[in-house]
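The following note sets out numbered remarks on the chain under review. Please read them with the sequence and the structure side by side.

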Amino acid sequence: MSATADHAESLAARLGFQSEQVVQEIGYDEDVDQEFRDVVETLVSELVDEEYDEGADAVLLWFRDEDGDLTDALVDATELVEDGALILLLTPKTGRDGYVVASDISEAAETAGLSLAKGGPVGKEWTSTKLVTPKAAKSKR
């Protein structure tokens, strides 16, 4: 395994992905960091697409500035998981096409009722922000 693959595996585990999880992936496109995605896919029980509707243990959300409203995307992601679940927001790094300003991420997370936690760089083009749904803070529709 390469040093970058080792880093991706370490990062995925440190961010909270676990072997028994079903992780719903949103915003997948050909520009994602495929190595990190592959590591998450091998680490978790199942990586499912946007059409999955049975409830996931975590969400992997690839988001670019041109993808629309980040707050709406985060609110939608909270509807897919249980309270206390991990939502990993992946955005292009500063200066890259589609990057999202950090203050916009913070504001969108707060508006969506999510807690910010530490993330980190994911490959050469992407950075992650770990978001957690507060336990019992949201009501189910």
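How many bridges join strand β1 to β3, and do the strands run parallel or antiparallel?

1. **Basis and overall layout.** This is a predicted model, in which local features need pLDDT of at least 70 and side-chain atom pairs count only at pLDDT 80 or more, while totals for chains, interfaces and linings use all residues. Residues are numbered from 1 along each chain as its sequence is written, and side-chain values use heavy atoms, with hydrogens and water left out. The secondary structure comprises 4 helices and 6 strands, where helices (H or I, at least four residues) and strands (E, at least two) are DSSP runs numbered from the N terminus. Along the sequence the order is α-β-α-β-β-α-β-α-β-β. Of the 141 residues, 43% count as buried; buried means under 20% relative accessible area, exposed over 50%, and partly exposed in between (1.4 Å probe, protein chains only).

2. **Strand β3 and its partners.** Strand β1 (residues 22-26) is joined to β3 by 4 bridges, and the two run parallel. Strands are taken to pair if DSSP finds at least two bridges between them. In this pairing I26 stands opposite L61 of β3. Strand β3 is also joined to β4 (residues 81-92), by 6 bridges and again in parallel, with L60 having L88 of β4 as its bridge partner. Because 6 of its 7 residues are buried, β3 is largely enclosed by the rest of the structure.

3. **The hairpin of β5 and β6.** Strands β5 (residues 115-122) and β6 (residues 126-132) run antiparallel and are joined by 6 bridges. P121 stands opposite T127 in β6. The hairpin has 3 residues between its strands, and G123 takes a positive phi near 70°. K124 is placed in the loop between β5 and β6 and counts as exposed because its relative accessibility is 67%.

4. The structure holds 5 salt bridges, each being a side-chain nitrogen of Lys or Arg within 4 Å of a carboxyl oxygen of Asp or Glu. One of them pairs D31 with R64, the closest N and O atoms being 2.8 Å apart. This pair links distant parts of the chain, with D31 in the loop between β1 and α2, R64 in the loop between β3 and α3 (70-78), and 33 residues of separation. D31 is partly exposed at 36% relative accessibility, whereas R64 is buried at 6%. Another joins the side chains of E125 and R96 (3.0 Å, N to O). E125 lies in the loop between β5 and β6 and R96 in the loop between β4 and α4 (102-111), so the pair ties together parts that are 29 residues apart in sequence. E125 is partly exposed, with a relative accessible area of 39%, and R96 is also partly exposed, at 31%.

5. The side chains of E41 and R37 meet in a salt bridge at 3.8 Å, N to O. These residues are separated by about one helical turn because they are 4 residues apart in helix α2. R37 is buried at 14% relative accessible area, while E41 is partly exposed at 36%. E25, R37 and E41 are linked in a network of salt bridges.

6. L11 is placed in helix α1 (residues 3-15) and is buried, with a relative accessible area of 1%. Its C-alpha atom is separated by 9.9 Å from that of S128, a residue 117 positions away along the chain. G27 belongs to the loop between β1 and α2 (34-43) and is buried at 16% relative accessible area. The C-alpha atoms of G27 and A73, 46 residues apart along the chain, are separated by 9.7 Å.

7. **An exposed loop residue.** D53 is found in the loop between β2 (46-48) and β3 (56-62). D53 counts as exposed because its relative accessible area is 69%.
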